[in-house]
Amino acid sequence: MKVVSWNVNSIRARYDRVLNWLDANEPDVVCLQELKCQDGDFPYDAFSSLGYMCSVYGQKSYNGVAILSFDEPKDVVRGFGDGVDDPQARTIAATIDGVRIVDLYVPNGGKVGSDKWRYKLTWYDRLVRWLGAHCDPTQPLVVCGDFNIAPEDFDVARPDRWRDTAMCAQPGRDALARVVDWGLVDTFRQHHTEGGHYSWWDYRPPGFKGNDGLRIDQIYVTPSLAEACAAAGIDIEEREDRPGSKASDHAPIWADFEID
DNA sequence: ATGCCCGGACGTTCCGGA
């Protein structure tokens, strides 16, 4: 089972490019973030032509997540359902071929200390509680998406430049660590122990050309799936503009599992 | 110290992104 996670920065602006990538790579499960459209505007037909079923949790202009799969998605859940009045569409979960898939778009956080920053930290706390209430570290589980946190300095090309931002500030890293400590393994780090690998580059200079990258997109799994993870990677070629096809500011990340 | 580049929208400038 091949799983990909990709913050596409508008599915309507990106769907031809995403389609081409899916056609070439044939992942079994596709977790998308930042759809920036309502459910009714999602390009279902384009993806169904490649054989994908689409579970969508959209929102006008902002946020929005979706899980695409060849196999029928079961027990689809949108949002945390934790009683908090939160209109932001940032999480969707589904069971695909016996594997629970959780697709997340973690809040950006704005400036450290702002209301958005507090929302981000609170959101991480809600995620930990949600995992505790609805998931089990012994089950086959994928928790992936745009976490908007670079876990360590060697996940950042220029750590001094980013140190005190919402991507790197210690309270955010601590919040992410509490999610991982619940019982998850970073599939990319299983296969790449060295630094210097990134999944996001700002559109603004120095950006991709200046390699001012951060590794803020992750595919975490429970230990039973980690044992089955044969390979993981980041397709940085997809961060490059092509004629008539602009790139998202995020590259797709993927993990391959050998499961029956 | 700030903008740079993008996408979306009650659009012709703004907000949010990370």
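A residue is taken as near a molecule or strand if one of its heavy atoms lies within 4 Å of it. By that criterion, 23 residues surround DNA strand B, and the closest are Ser10, Ser61, Tyr105, Asn108 and Met167. The model is predicted: local features need pLDDT of at least 70, side-chain atom pairs count only at pLDDT 80 or more, and totals for chains, interfaces and linings use all residues. Residues are numbered from 1 along each chain as its sequence is written, chains are lettered from A in the order in which they are written, and side-chain values use heavy atoms, without hydrogens and water.

The surface near DNA strand B divides into 8 nonpolar, 7 polar and 8 charged residues; Ala, Val, Leu, Ile, Met, Phe, Trp, Tyr, Cys and Pro count as nonpolar, Asp, Glu, Lys and Arg as charged, and the others, Gly among them, as polar. Helix α1 (residues 11-25) supplies the largest share of this surface, 3 residues; helices here are DSSP runs of H or I with at least four residues, numbered from the N terminus.

Arg204 reaches a base instead: a polar atom of its side chain lies 3.4 Å from a base oxygen of DNA strand B. Polar contacts of this kind are pairs of N or O atoms within 3.5 Å.

Definitions and conventions: Polar contact = N/O pair within 3.5 Å; in protein donor to acceptor, adjacent residues only side chain to side chain. Helix = DSSP H or I, 4+ residues; strand = E, 2+ residues; numbered from the N terminus.
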